[in-house]
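Please walk through the fold below, starting with the terms and then turning to the core and the charged pairs.

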Amino acid sequence: MSKYDIIVLGSGPGGYVTAIRASQLGFKTAIIEKESLGGVCLNWGCIPTKALLKSAQVFEYLKHASDYGLTVKEYDKDFDAVVNRSRNVADGMSKGVQFLMKKNKIDVINGFGKLKAGKKVTVDGTEYSADHIIIATGARSRELPNLPQDGEKVIGYREAMTLKTQPKKMIVVGSGAIGVEFAYFYNAMGTEVTVVEYLPNIVPVEDEDVSKQLERSFKKSGIKIMTNAEVTSVDTSGKGVKATVKTKKGEEVLEADLVLSAVGIKTNIEGIGLEDVGIAVDRDKILVNDYYQTNIPGYYAIGDVTPGQALAHVASAEGILCVEKIAGQHVEALDYGNIPGCTYASPEIASVGLTEKQAKEQGLDIKVGKFPFSASGKASASGAKDGFVKVIFDAKYGEWLGCHMIGAGVTDMIAEAVLGRKLETTGHEVLKAVHPHPTMSEAVMEAVADAYGEVIHL
């Protein structure tokens, strides 16, 4: 039986980052993976979807070349080539993780790992032991009882990334990050897309102003939006699909080539031995403390299988914190109120902290500032005037409570707000930090100025 200091079960952005940090701290480390290194994020999520979205964005540039004073007489798309490019990007990233495992002298064990009592894991009949076992098995597409996925006419995100032919019509059920990103991609590529959302606003976790702006932008692009709507049944007996949608006005039947179910995720905790060990679970989440220790000593859990936000960067941060605690370092519990969220449709969305509604519900006295990209010189020059930056400050102490952005490139801008909030900066300190001109990031400074009645360019 092989003995390790730390075994990590799962090699997504939580697992592989955890393993690398453990190795850096001097632990003899192994990682167990049943598929490809990098998990869903690198192989089927974050990375390959961004490759698809980039192809869609370039295709849109070609369609609107005349807006930039350019003439493109002939252009077309090769859907297979777009998909293949995405897969090649994913393969390259997975190979990069293989390199990092070798560089950091981490043993990679291929197969399905099952936890055993006594700090042991079996992989296809072979037993391994460790002083510390970290569960990082991630999650998969969640299925609704009235929307079972068959992989052909009712699909999840995996199938949506590797379709053999581009559908003429698609229904997207759910308007979280996954739903709206695929809605944008397929619409930009020429598919007729309808988004069905159960709640009153699309991207429902975002500030309401952001949700309304995305809905306007999507409708302008030709995407049909149905909110306060529920798919009650899907008929796949014919050539395509017929989805019955219940709305406040009654029932409506939508016809399409296929339905993409993007209604959230389900954790991968079945069959991994949690019951054998006695690890406590609430519904489909493993219960952990601030340092990701389960109720059984020597067993830990990070990432999507725990109650925190199901985001790649959260899983990585949790894993690093977990092994640093194991190593005896002084660590602070993760601040889940300062986790940025990003959606990579066009326009992009990025946010951190409280929404305006949440701040008001907490009874806070707030200052709100907003700066539209239509007033930004860089946005105008770039032809990307849709969207805005919105900031929320505590009126009494100047605390930066929230920042919400929608527009081109905002996912690369949100880190300013995350860092500012971490360092407990105030609105006036942001104002006095000189922002470069002309940039999209100036909109952050201008939005703060608007909150304090000092805005220049509005």
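Buried means under 20% relative accessible area, exposed means over 50%, and partly exposed lies in between (1.4 Å probe, protein chains only). The model is predicted, so local features need pLDDT of at least 70 and side-chain atom pairs count only at pLDDT 80 or more, while totals for chains, interfaces and linings use all residues. Residues are numbered from 1 along each chain as its sequence is written, and side-chain values use heavy atoms, with hydrogens and water left out.

A nonpolar core is a set of buried Ala, Val, Leu, Ile, Met, Phe, Trp, Tyr and Cys residues joined through side-chain atoms within 4.5 Å. The largest one has 37 residues, and Phe182, Phe185, Tyr186, Leu214 and Phe218 touch the most other members.

The search of the whole structure finds 19 salt bridges, each a side-chain nitrogen of Lys or Arg within 4 Å of a carboxyl oxygen of Asp or Glu. Arg140 pairs with Glu270 in this way, with closest N and O atoms 2.9 Å apart. Arg140 lies in strand β7 and Glu270 in the loop between β16 and α8, so the pair ties together parts 130 residues apart in sequence. Arg140 is partly exposed at 34%, and Glu270 is partly exposed at 39%.

Another salt bridge joins Arg21 and Glu324 (3.0 Å, N to O). This pair links helix α1 to helix α9, 303 residues apart. Glu324 counts as buried, at 16% relative accessibility.

Key:
Helix = DSSP H or I, 4+ residues; strand = E, 2+ residues; numbered from the N terminus.
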